[in-house]
Amino acid sequence: MLKQLVEQCQRGNAFAQKRLFDQYVNRLFRVSLRYVRHEPEAEEVLMNAFLKAFRSISGFSYRDENGLEAWLRRIVVNEALQHLRANRQFPPFLSDDEIDDQPDSVALPDASLDVERIYALIRELPTGYRTVFNLYVIEGYTHREIAEQLHISENTSKSQLSKARAVLQTWLIQNGYETETRRNA
Amino acid sequence: MKPKPDEMPDEWVRQILRRLPDAPPPGSSFDSERLWAQLRPELQPTVTQQSFGWMQWGIAACLIGLMFVWFWIYPSVEKQPLAANGNTAPKTRAATKHPFKQNLPTELTQTDAPTQSFTTAMPTGTTAIKSKTRAPEPIDAVPTIQDVAIKSVPIPDLAMIVETVTVVEKTPIPLKRNVADLPAKRPFRIVHQNELRAEEEARPKLYSTENFVRLGTGQRTEPLSDDHRPALVMPLTNKPNQ
């Protein structure tokens with residue numbers, strides 16, 4: 001079904017393009033929002049990403065649904081990074097002094113986890129932390145690839161990731177997620 | 001290896017994000033239809049550009065094909081009138097120098113017969129004036145266009161053959177001709193003596209004949225008397241004072 005949809009899009013079928021757009025637009029909007037934070041900018045990134053995707057879909061070889069989604073996500077991420085570079089939002093990377101108190105340990109939250117809250121906390125991270133965190137933890141890039149994308153060193157990428165994790169942990173605790181030390185106490 | 005306490009499990013975060021609903025975040029003003037309305041016009045030019053690209057290629061291919069056909073047909077069209085002129089040229093030359101004796105019937109090849117009939121048919125008192133002292137020419141038959149076309153075109157060309165066939169169809173010429181239909185050529189002109197004298201008198205004279213004296217007498221019915229004898233005056237010179 002999805003394969004036929006892709007084939008029709010490759011032929012320039014407008015109806016197929018609309019169907020493919022409706023199937024992935026919300027998911028990819030969340031991806032875009034994790035990188036650029038503000039919704040108008042995320043819409044702009046998303047539109048550019050879909051434009052690029054439909055214009056280059058003729059060269060895409062469909063294998064499975066995961067491959068299609070991963071291809072679309074890659075396009076969105078690249079457009080988001082390009083947007084951040086164009087708007088000169090790299091860096092600022094926060095220094096250690098600007099980070100709040102770090103927790104002693106990390107605990108896995110319970111089942112009644114508000115996923116939207118976690119998603120919102122990730123969006124609240126500073127631009128540099130958020131970008132490295134998204135690329136490493138969620139997209140699966142290596143520090144070397146991140147360094148090439150963001151024109152930073154690998155050590156800087158590692159440092160930014162560590163700091164992003166620390167900030168996120170702090171906020172989780174502040175939002176009611178207990179750490180192991182507190183539980184054991 | 002025991003994970004560091006300050007590290008958040010990355011897999012936990014990925015699992016959390018996989019559980020996110022397939023919808024915009026709560027409180028978001030995002031509208032997918034509005035985004036599609038902005039996106040749709042941007043996608044349309046690509047379709048028209050592709051079709052226009054194919055149209056361009058199609059038009060270019062048609063033009064190239066037409067040019068190729070024109071250059072292929074034009075030389076054959078040029079050869080046709082040249083071939084037609086060439087057909088007539090050897091036809092006329094053949095008529096004068098190389099009579100087609102092979103294709104002519106036997107009556108046309110006999111050249112002595114017209115000469116004999118010519119001499120015996122002359123009436124008495126007439127002088128045959130030979131304007132040209134030459135043997136009577138054989139009666140040349142007009143060669144057929146078909147024969148000339150075949151002989152003049154060494155390499156058979158389909159277009160030429162078609163053209164020659166059409167020419168034969170349009171202007172049919174009989175292969176055999178009756179001897180009686182041919183106009184007889186007379187090398188001599190039979191003229192009476194009185195007619196000749198009249199022609200000479202009618203011709204513009206190169207000199208004046210006022211001072212000429214007739215010598216000799218013509219035939220007269222009455223004898224001349226002595227009184228009527230005119231005085232014979234013969235000027236010695238042409239000078240008016242003498």
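Two residues are in contact here when they have heavy atoms within 4.5 Å of each other. Keep that in mind as we start, because this tour of a predicted model begins where two chains meet.

A quick word on bookkeeping: residues are numbered from 1 along each chain as its sequence is written, chains are lettered from A and ligands numbered from 1 in the order in which they are written. In this predicted model, local features need pLDDT of at least 70 and side-chain atom pairs count only at pLDDT 80 or more, while totals for chains, interfaces and linings use all residues, and side-chain values use heavy atoms, with hydrogens and water left out.

**Stop one: the interface**

Select chains A and B and color them separately. Chain A brings 43 residues to the contact and chain B brings 34. Together the two chains bury about 3600 Å², with 66% of that on carbon and sulfur atoms; buried area is the accessible area (1.4 Å probe) lost on putting two parts together, summed over both.

Now look for charges. Four salt bridges cross between chain B and chain A, each being a side-chain nitrogen of Lys or Arg within 4 Å of a carboxyl oxygen of Asp or Glu. Zoom in on A:Arg165 and B:Asp10: they form a salt bridge whose closest N and O atoms are 2.6 Å apart.

Next, highlight helices H1 (10-18) and H2 (32-96) of chain B, each of which supplies at least two residues of the side touching chain A. Helices are DSSP runs (H or I, at least four residues), numbered from the N terminus. Which helix gives the most to that side of chain B? Pick H2(B), with 12 residues.

**Stop two: a bridge inside chain A**

Over all chains, the whole structure has 12 salt bridges. Select A:Arg27 and A:Glu69, whose side chains meet in a salt bridge at 2.9 Å, N to O. This pair ties together distant parts of the chain, 42 residues apart: A:Arg27 sits in helix H2 (residues 14-36) and A:Glu69 in helix H4 of chain A.

**Stop three: an enclosed space**

A cavity is a set of points on a 1 Å grid over the protein atoms alone where a 1.4 Å probe fits but cannot get out, and its lining residues have an atom within 4 Å of a point. Volume is the space filled by probe spheres set on the points, which are joined across faces, edges and corners. The second largest cavity holds about 30 Å³ of space. Show A:Leu20, A:Phe50, A:Ala53, A:Phe54, A:Ile57, A:Trp71 and A:Leu72 to see its lining. H3(A) gives the most to this lining, with three residues.

Notes:
1 Å grid on protein atoms, 1.4 Å probe; cavity = no way out; pocket = protein on both sides within 12 Å on 5 of 7 lines; lining within 4 Å.
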